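Try each task before you read its solution.

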Amino acid sequence: RIGIPREASGPGLHPDVVAALHAAVERLRSLGHQLVEVTLPTLEHVVAAYYVIATAEASANLARFDGVRYGRRAADAVNPEQLVIASRSAGFGDEVKLRILLGTYVLRSGFQDQYYLQALKVRTLIRRDFERCFANLDLLLLPAYPVPPFAPGSADADPFAQKLADVFTCSANLAGLPALAFPAAVEHGLPVGMQLVAPAFADELLLDVAEALEKIFPSPDP
């Protein structure tokens, strides 16, 4: 039994992604799987919770990379403060710096309860949502991305839009579940992916279903 979350198959999906989802459903049915509709109401909170938790962890885990014992060391620093600033400025890319700044903010005194601890509570609710689904299901089928891949140089490919589009892939990370993305179609020369999510420690089942699917629909070349 494979569930399709209503929140991941309705309005908000690009038509090309909807077409790829329907194609994946029909292929899975042809293999003898039963497809049923389910609800994941906490899915809308996934991106907010994920980026609060992920940035907080990035801020804490990357603090050691200061050029003293770990990470890149700037060669022209004249004192310890300049060494740390120059090393981190040169060694981290823009996205990493952004995550460190955001994570430091949500972990600040006075903000930790407001943001970080609230996000942890939301993560627990998301995990319970998946556990409720898997009480009667073996797998879940979701798009990997709500829109097709952004074309090179596209105005839609701004960092904020890309973060919002992580809604389906972040859910497995927050719930601590195995997931596998696979190509489901090629639309207008660009690949469209789907993903299967399994209960904890059901990796073998996940791989078996994906292997059977690949036999009837080998990975297309975009």
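Axes are lines fitted to C-alpha atoms, for helices over the stretch in contact, and angles run from 0 to 180 degrees between N-to-C directions. The model used here is predicted.

**Exercise 1.** Find how H2 and H4 are oriented to each other.

Solution. 
- Two packed helices are described by the angle between their axes and the distance between the axes.
- Take the distance: the axes of H2 and H4 come within 7 Å.
- Take the angle: these axes cross at roughly 100 degrees.
- Angles of 65 to 115 degrees count as roughly perpendicular.
- H2 and H4 are therefore roughly perpendicular to each other.
- Now look at the contact. H2 brings residues including Tyr50, Tyr51 and Val52. Among those it meets in H4 are Arg99, Ile100 and Leu102.
- Sort the residues of this contact: nine are nonpolar, four polar and one charged.

**Exercise 2.** Check the span of helix H5, then place its buried residues.

Solution. 
- H5 covers residues 112–134, which is 23 residues.
- At 1.5 Å a residue, H5 should span 33 Å.
- Its end C-alpha atoms are 32 Å apart, so the two values agree.
- The buried residues of H5 include Tyr116, Ile126 and Phe130.
- The buried residues of H5 pack against several elements, among them H2, H4 and strand S3.

**Exercise 3.** Which residues touch the most other members of the largest nonpolar core?

Solution. 
- This core has 54 residues.
- Phe130, Leu140, Leu141 and Met194 touch the most other members.
- H2 gives the largest share of the core, nine residues.
- Follow Met194 beyond its neighbours within four places in sequence: its contacts include Val17, Leu141 and Phe182.

Definitions and conventions: Residues numbered from 1 in each chain as written. Predicted model: local features only at pLDDT ≥ 70, side-chain atom pairs only at ≥ 80, totals over all residues. Heavy atoms only, no water. Helix = DSSP H or I, 4+ residues; strand = E, 2+ residues; numbered from the N terminus. Expected span 1.5 Å × (residues − 1). Buried < 20%, exposed > 50% of the residue type's maximum accessible area, 1.4 Å probe, protein only. Contact = heavy atoms within 4.5 Å. Core = buried A, V, L, I, M, F, W, Y, C linked by side-chain atoms within 4.5 Å. Parallel < 35°, antiparallel > 145°, perpendicular 65-115°, else oblique. Nonpolar A, V, L, I, M, F, W, Y, C, P; charged D, E, K, R; others polar.
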